[in-house]
Amino acid sequence: MRAPGGKDGLVAGDVLLAVDNVSLSFGGVKAITEVSFDIRKGEIRAIIGPNGAGKTSMLNVINGFYHPQQGRITYKGATRQKMRPYVAASQGISRTFQNVALFKGMSTLDNIMAGRTLKMQGSFFWQLFRHGPAMREEIEHRRKVEEIIDFLEIQAIRKTPVGKLPYGLQKRVELGRALAMEPDLLLLDEPMAGMNLEEKEDMSRFILDVNNQYGTTIALIEHDIGVVMDLSDRIVVLEYGRKIADGTPDQVKSDQKVIDAYLGVSH
Amino acid sequence: MFYREAGQYKTSYAADMAIFPIRQDRIGIAVILLIAFVIIPVFGNQFFLSSVMIPTLVFSLAAIGLNILTGYTGLISLGTAAFMGVGAYACYKLTSWFPGVNILVWIIASGFVSAGVGALFGLPSLRIKGFYLVVATLAAQFFLQWCFVRIPWLVNYNTSGAIEVPERTLFGVVITGANATPTARYLVLLSVVAALTWFASNLVHGRVGRAWMAVRDMDIAAELMGIRLLTTKLLAFAVSSFYCGVAGALMVFLWYGSAEPEVFVINQSFLVLFMVIIGGLGSLIGSFMGAALIYMLPIVLRMLPAALGLPIASATVEHLQFIIVGALIIVFLIAEPHGLARLWQTGKQKLRIWPFPY
Amino acid sequence: MNILYALFVDPWVQMGQAPDLLVQTLWEGLVSGVLYALIALGFVLIFKASGVFNFAQGIMVVFSALTLVGLHEMGVPAFLALGLAVAVMFVLAVAVERVVLRPLVNQPDIILFMATFGITYVLIGLGELIFGGNPKRMIADELYLPKGAIDLKILGGFVSLQKIDIAAAVIAAVMIAALAFFFQKTRIGRALRAVADSHKAALSVGISLNQIWAIVWFTAGIVALVTGIMWGARSEVSFSLQVIALKALPVLILGGFTSVPGAIVGGLIIGIGEKLGEFYWGPLVGGGIESWLAYGIALAFLLFRPQGLFGEKIIERI
């Protein structure tokens, strides 16, 4: 894959993505209200908050699935208000989902291969023959996919339909599919939800490895505060769609508003 | 015993990604092709060729077309017959304009015409999903059927209102029209079907097929991964309609010999859909099995009372046929929603580990 | 220019010149709209309660009417035949629930949809086997349905209203009111609505899904029977009706799959739209456009409002 400071010309520490004053509502329901924060290249950025705080909606805005009514998003220096998911993906934003959204009828291998669709632009004509350029392309990408399979230690389930896998492994395959896109920004929506301790440790290790080895910038949502404090460089805290805190784990931990939100005080 | 893959090591990704990675499967396919291309034409009688093999092959091709759309991409279509009709009428027009050009060229070209029409009717699929899309395909079915009836230009103003297939030759052998022998028609048909099946198999095992299945299984995730929904769905519509169109052209030119608009009514669409369901959604081999079962079932049913000496009127048999097909669909959906293809796979799996149960 | 004139101006001129013809066309459209709405209503009932897109609703209309007429032909008195037809629809509902729905519970929607194709074919076969495939006359007189026509002298011309059509509209209105009452005010109706909202939640408070499904299919069967009688009385009872019944699908698109008022309004729009289209624009292209116009209207409509007239805006979640 790619070393930090790749083709986008940014070096670690530069702002990769900035969310500026974004608001999103569905009908009358406000999901996100005037939220601003940034994600710097190479960091692990956590978004935390109680249920219904607008975390997943925030990710959906970032990768173009929801269109905010107000505010701007600057990614790799280009400002936009709306973006099609396709464009977000082609510019290197990939993600996993809160409820596993794998392609259930396909094998692990095919799922991860599907993650490379954007990188495969060979002609339809050769696809018909599955020879020549088409086969060379398949093999080249299969090699990349096998790297990811090795990295995530899922060799044994390569040909298993993902619908038959246990939940923890499905989450891992989903991470693999997101990695297959060789993302610049990886969005992880509760990567450890519903896992036992051992699985959480594995997943934490993979997340750190992705960040260290490939220099991939990661934004993650997670409910396990212990994990978040250990993994992330900076944390943004949302409550009822508003940002209530932003900073390093230590700063956030001692923030009175955050303590109130999590322990609960009468408003 | 004989179906073992032990000891067959794959030393390259290419070998692992082959469509038939197991040697026994490759031998099996070779045997099937040998039977289809040599044994059947040599030993099969005329009735068997023209009333069993030719129709089954035509329907298999149509079923592959629908399977690409419904089984692989998850878009239900009730317009199969109409797209077959587009192929048939297009082929007729093309060969009337340019009688000198080889008919095979026009059969394939008519597939492209059908693909264009299919993609046009697939356009709404971006905004509408699931059962709503059924209505879009019904619109195609009824609108195109209306065109077949109302536009006499399509049949060169024949007074019969039907396509009357002219005589065409391939390498000097008559392959269409009244003078074509069943053997000639069968061999041409088989070659086209075999080639197109190979193409379909290549497509669904590669990037294109993965994109189709991704859209089928989880369209939102697919979109967020950079798979363009509209392009992918339209491509599925186009390729599907191409196959249906070629199947329609082959049906009229190599099987029926002439065709009225009634050939392409909605019941035909249902029939192909049943073939796909019973054969197995998302399986090419299932398309053949489904086509064979659904097409041959009535033939067997018609012959059965006579063979058993039962005095059942032919009308009654026809009614029973409806009930049996309907019941069969329900039974299959309950017992094995993935159809004959899955049964076949399970059987092969059992054979691999035979005589042990696990 | 001539084409544009014929397409966009001339039909309106015709309407203005002969308002009585226009009213007559509107009335015809209204009546067929009522019948489309009734078929769509059967779809909606089943879709709401069980999430099944019941392709067999059309054949249920034919089958129930055929049972009624067929029994009468065999010598059963008209009203007894009516009772028996209701009983047959009950047996059918229970059988569908037992044989099809129960084993397929929790399967994807597409599988259940396909299963209703199976039901369709079984019913076609059964109907033809028992009662024969020939078109039959509806026993309208024996059921004391009105016949003849009322001629209204308005707008400088005649408008002729068939009494059976008026009866159909009235009966449809009564039946919809009864269904609304049933849904809103009775215990079973409440359970039905609960099941429509969430199968799991309904199960958890002790509602029997199997029972509810049987009831819903039976209700849809009765709606089918009424539709079959009315439609049969206007023309005849035959299997060709099944294809016409497919027009309930565009109606559903307009109205939304889960909305009863939507089914009614959608039915009327489609019915009137296709009659006007056929009468004023059909001749321009050689007529017969009634066979696909309904689908065209629904499709055009879908592009602008994918969730239907009364459906809520869909928010996709992941």
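1. In this predicted model, the centres of domain 1 of chain A and domain 2 of chain A, taken over C-alpha atoms, are 26 Å apart. Domain 1 covers 1-92 + 184-267, and domain 2 covers 103-181. These bounds come from an automatic or database domain assignment.

2. The two domains touch. Domain 1 of chain A gives ten residues to the contact, and domain 2 of chain A gives nine. Two residues count as in contact if their C-beta atoms, placed from the backbone, lie within 7 Å.

3. Which elements of chain A each supply at least two residues of the domain 1 side? They are α2 (85-90) and α7 (197-214). The largest share, four residues, belongs to α7(A). Helices are DSSP runs (H or I, at least four residues), numbered from the N terminus.

4. The domain 1 side that touches domain 2 of chain A has seven nonpolar residues, two polar and one charged. Ala, Val, Leu, Ile, Met, Phe, Trp, Tyr, Cys and Pro count as nonpolar, Asp, Glu, Lys and Arg as charged, and the others, Gly among them, as polar.

5. Now chains B and C. Their contact takes 32 residues from chain B and 39 residues from chain C. On the chain B side, α6 (130-150), α11 (266-279) and α13 (314-335) give two or more residues each. α13(B) has the largest share, twelve residues. The chain B side divides into 27 nonpolar, three polar and two charged residues.

6. A note on conventions. Residues are numbered from 1 along each chain as its sequence is written, and chains are lettered from A and ligands numbered from 1 in the order in which they are written. Local features need pLDDT of at least 70, side-chain atom pairs count only at pLDDT 80 or more, and totals for chains, interfaces and linings use all residues.
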